[in-house]
Amino acid sequence: AAEVGVKIIVPYRTSYEGFHDDMHDIDSKAMQKISDTYAEFIKWTKCETLHLCVDSEDIDWEIKTILDFIAKKE
């Protein structure tokens with residue numbers, strides 16, 4: 001995948017305290033484990049990745065950051 005220029009975007013939060021997803025029955029502990037697993041994945045993948053903190057919930061900034069990442073040529 002890295003050979004063809006795959007780019008992976010991994011959004012995360014610095015804390016999942018109080019998080020709960022009623023639809024999927026996922027609590028903050030499970031969400032943190034998922035986030036940690038993605039962080040480990042980023043360490044070993046050869047694909048270009050963007051580890052994007054979404055704590056601010058500033059969608060305009062997030063979209064601009066993502067579009068800049070996608071447009072960047074390596």
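The mean pLDDT of the chain, pLDDT being the predictor's confidence in each residue on a scale from 0 to 100, is 90, and 95% of the residues reach 70 or more. The structure is a predicted model, for which local features need pLDDT of at least 70 and side-chain atom pairs count only at pLDDT 80 or more, whereas totals for chains, interfaces and linings use all residues. Residues are numbered from 1 along each chain as its sequence is written, and side-chain values use heavy atoms, with hydrogens and water left out. Within the chain, confidence is lowest in E2, with a mean of 74, and highest in H2, with 96; helices (H or I, at least four residues) and strands (E, at least two) are DSSP runs numbered from the N terminus.

Salt bridges, in which a side-chain nitrogen of Lys or Arg lies within 4 Å of a carboxyl oxygen of Asp or Glu, number 5 in this model. One of them joins the side chains of Glu48 and Lys7, with 3.8 Å from N to O. Because Glu48 belongs to strand E4 (residues 48-53) and Lys7 to strand E1 (residues 7-12), this pair ties together parts that are 41 residues apart in sequence. Lys7 is partly exposed, its relative accessibility being 25%, where buried means under 20% relative accessible area, exposed over 50% and partly exposed in between (1.4 Å probe, protein chains only). Lys7 also lies over the face of Phe69, at 5.3 Å from the ring centre; for such a placement, NZ of Lys or CZ of Arg must be within 6 Å of the ring centre and within 35 degrees of the ring normal.

A further salt bridge is formed by the side chains of Glu57 and Arg13, at 3.1 Å from N to O. This pair likewise links distant parts of the chain, since Glu57 is found in the loop between E4 and helix H2 (59-71) and Arg13 in the loop between E1 and strand E2 (20-21), 44 residues apart. Glu57 is exposed, with a relative accessible area of 57%, while Arg13 is partly exposed at 27%.

Within helix H1, the side chains of Glu40 and Lys43 meet in a salt bridge of 3.0 Å, N to O, and these two residues are 3 residues apart, about one turn of the helix. Glu40 has a relative accessible area of 43% and is therefore partly exposed, whereas Lys43, at 65% relative accessibility, counts as exposed. Elsewhere, salt bridges that share partners join Lys7, Glu48 and Lys72 into one network.

A pair of aromatic rings is described by the distance of the centres and the angle of the planes. Rings of Phe, Tyr and Trp (its six-membered ring) pair if their centres lie within 6.5 Å, planes under 30 degrees apart counting as stacked, over 60 as edge-to-face and the rest as tilted. By this rule the model contains 1 aromatic pair, formed edge-to-face by Phe41 and Trp44, with 5.0 Å centre to centre and 85° between the planes. Phe41 and Trp44 are 3 residues apart in helix H1 (residues 28-44), and so are separated by about one helical turn. Phe41 is partly exposed at 22% relative accessibility, and Trp44 is exposed at 61%.

Beyond this helix, Thr45 lies in the loop between H1 and E4 and counts as buried, with 15% relative accessibility. A polar atom of the Thr45 side chain lies 3.1 Å from the backbone nitrogen of Cys47.

Note on methods
Polar contact = N/O pair within 3.5 Å; in protein donor to acceptor, adjacent residues only side chain to side chain.
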